[in-house]
Amino acid sequence: MDWVRITTPATDEDIRKLKAGDRVLLTGYIYTARDAAHKKLVELLDEGKELPFDIQGQFIYYVGPSPAKPGKVIGSAGPTTSYRMDSYAPRLIEQGLKGMVGKGSRSQEVRDAMVNHNAAYLAAVGGAAALIAKSIQEAEIIAYEELGAEAIRKLKVVDFPAIVVNDVHGNDLYEEGVKQYSQPM
Amino acid sequence: MKEIHVDSITAAVKELCMTANYDLGQDVVDAFKSYHESEASPTGKGILEQLLENAEIAKNERVPMCQDTGYAVFFVELGQDVHIQGGTLTDAINEGVRQGYTDGYLRKSIVEHPLNRKNTGDNTPAVIHIDLVSGNEVKITIAPKGGGSENMSGIKMLKPADGVEGVKNFVIQRVREAGPNPCPPIVVGVGIGGTFEKSALLAKKSLLRNIGERHADPEIAALEVELLTKINKLGIGPQGLGGTTTALDVFIDVYPAHIASLPVAVNINCHAARHKSVKL
């Protein structure tokens with residue numbers, strides 16, 4: 001199976017090319033955000049204020065890394081479960097977010113927002129946190145430092161490995177994969 | 001009466017926190033390898049390879065195998081001929097967690113209030129279960145538990161008439177509904193019997209077993225194998241992306257129940273089935 005390379009910020013065309021099941025290597029800057037940070041981002045939008053980073057064409061990685069050891073830019077950094085961000089994600093997709101990386105299935109609302117606004121959802125391998133950290137070359141906290149592991153970080157990634165779960169055509173790898181391999185009991 | 005100073009408990013707990021998070025048990029590594037052979041999905045095979053590589057990096061570089069270094073859950077077997085000196089056992093364990101999670105660069109994931117959500121900053125307090133046993137030793141086991149898999153657990157008060165079929169249906173239903181969220185391939189802990197809270201504790205404690213270790217009662221052992229086979233036919237597969245490896249193992253523990261009750265609890269563990277023990 002070939003790897004598809006995506007460089008951020010991604011264009012609409014980049015995203016349209018992705019198909020559920022594709023293995024992707026992401027390169028460029030991506031942003032971390034999880035539960036508490038998402039709440040804050042959506043509150044900013046509700047108040048009509050600017051987000052702490054330009055979200056156009058960007059990818060958000062749902063992660064709360066472990067602390068960096070001395071000499072390292074980041075600790076172990078695998079994906080966290082995405083459904084907890086489902087109530088916030090459609091707002092960010094409407095604002096120009098092109099991709100999300102996490103693990104686990106998304107709500108119908110998020111899937112609809114991806115189809116309607118041309119965005120994709122990728123899974124990274126949950127728990128492969130020491131391995132994934134190898135593809136992160138820089139990490140800088142850019143907002144909400146007080147949130148600790150949940151602060152928003154700007155990560156420079158090179159060949160960050162992920163798998164497309166939801167594409168703009170409405171496919172869902174979780175549903176299709178399970179259908180393909182389920183057996184009668 | 002043997003005397004054990006709290007400082008030696010703290011030091012042991014500190015080390016346990018780190019090694020449990022860096023060093024995946026050989027039983028789990030071996031299970032990854034053997035399921036890699038049988039896995040039907042190429043994507044699933046690739047994921048198992050990544051998990052093996054990940055475990056190797058974590059062990060060699062002494063970094064956490066998963067960024068979610070978990071709630072520090074302890075099972076302590078306290079010999080009744082032991083006298084703890086210099087403080088309390090609970091304080092000593094919490095101090096070990098504080099030191100281990102800070103000095104070991106482990107993520108602090110505990111909030112001091114479930115509704116206000118302010119991080120305690122040192123991963124304390126631990127959840128500590130103490131069993132008073134005979135003898136003059138203290139056995140301390142840590143089982144760091146990540147939030148993603150813990151959230152997929154469940155408990156149900158079945159009717160006695162639901163019987164073993166009811167138990168099987170509930171366990172399989174929990175795993176099916178959990179899908180990709182708890183980071184499959186999972187380890188499934190099942191507690192049957194006791195009271196509401198006892199069943200949950202049985203389920204969690206069963207997860208301390210090593211992969212492949214069957215229950216001593218042949219009937220329960222057979223039920224474990226049957227459930228494992230059925231769960232692996234669900235098709236969920238590694239990371240829920242489809243495949244034949246959904247669970248590495250199923251462990252069941254049972255306890256006497258009330259004539260009116262059949263509690264069943266399912267505690268799901270991710271593939272990072274972490275647990276380490278020390279005896280003092």
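Predicted model: local features only at pLDDT ≥ 70, side-chain atom pairs only at ≥ 80, totals over all residues.
Two strands pair if DSSP finds at least two bridges between them.

In chain B, four strands form an open sheet with mixed pairing, in the order β6-β9-β7-β8. Its edges are β6 (154-158) and β8 (247-257) of chain B. Each of these edge strands has a single partner, so one side of each is left without a neighbour in the sheet. From one strand to the next, the twist averages 15°. Within this sheet, β7(B), residues 186-194, pairs with β8(B) in the parallel sense. The pairing of β7(B) with β8(B) runs over nine bridges. G189(B) has F251(B), in β8(B), as its bridge partner.

Helix α7(B), residues 196-206, lies across β6, β7, β8 and β9 (262-269) of chain B. The helix runs at about 145° to β7(B). Helix α7(B) also lies across β2 and β4 of chain B. Its angle to β2(B) is about 95°.

Strands β2(B) and β4(B) belong to another open sheet of four strands, in the order β4-β2-β5-β10 (chain B). Here too the pairing is mixed. The edge strands are β4 (127-133) and β10 (276-279) of chain B, and each pairs on one side only. On average, and with direction ignored, neighbouring strands of this sheet are turned by 15° against each other. Strand β2(B), residues 73-79, pairs with β5(B), residues 138-142. The sense is antiparallel, and the pairing covers five bridges. One bridge joins E77(B) to K139(B) in β5(B). Helix α4(B) packs on this sheet and touches β2 and β4 of chain B. The direction of α4(B) makes about 140° with that of β2(B).

Helix α4(B), residues 89-103, also packs with helix α1(B), residues 6-22. The angle between α1(B) and α4(B) is about 40°, and their axes lie 7 Å apart. Angles from 65 to 115 degrees count as roughly perpendicular, those under 35 as roughly parallel and those over 145 as roughly antiparallel, with the rest oblique. The helices α1(B) and α4(B) are therefore oblique to each other. The crossing of α1(B) past α4(B) is right-handed. On the α1(B) side, the residues that meet α4(B) are V6(B), I9(B), T10(B), V13(B), K14(B), C17(B), M18(B) and N21(B). Their counterparts in α4(B) include L89(B), A92(B), I93(B), G96(B), V97(B), G100(B) and Y101(B).

Over all chains, the structure holds zero disulfides. C17(B) is in no disulfide, and the nearest cysteine sulfur, that of C66(B), is 16 Å away. C17(B) is buried, with a relative accessible area of 0%. C270(B) is likewise in no disulfide. For C270(B), the nearest cysteine sulfur is that of C183(B), 6.1 Å away. A disulfide requires a pair of cysteine sulfur atoms within 2.5 Å. With a relative accessibility of 13%, C270(B) counts as buried.

P9(A) sits in the loop between β1 (3-7) and α1 (12-17) of chain A. In chain B, the peptide bond from P184(B) to P185(B) is cis, with omega near 10°. P185(B) is located in the loop between α6 (163-178) and β7 of chain B.

Positive phi values in chain A complete the backbone description. Y144(A), a residue other than glycine, has a positive phi near 60°. Y144(A) is in the loop between β6 (136-143) and β7 (152-166) of chain A. Its relative accessibility is 17%, and Y144(A) counts as buried. D159(A) is not a glycine either, yet its phi is positive, at about 55°. D159(A) is found in strand β7 of chain A. At 30% relative accessibility, D159(A) counts as partly exposed.

Key:
Residues numbered from 1 in each chain as written. Chains lettered and ligands numbered in written order. Heavy atoms only, no water. Buried < 20%, exposed > 50% of the residue type's maximum accessible area, 1.4 Å probe, protein only. Helix = DSSP H or I, 4+ residues; strand = E, 2+ residues; numbered from the N terminus. Axes fitted to C-alpha atoms, helices over the stretch in contact; angles between N-to-C directions. Contact = heavy atoms within 4.5 Å. Left-handed = near helix turned anticlockwise from the far one by under 90°.
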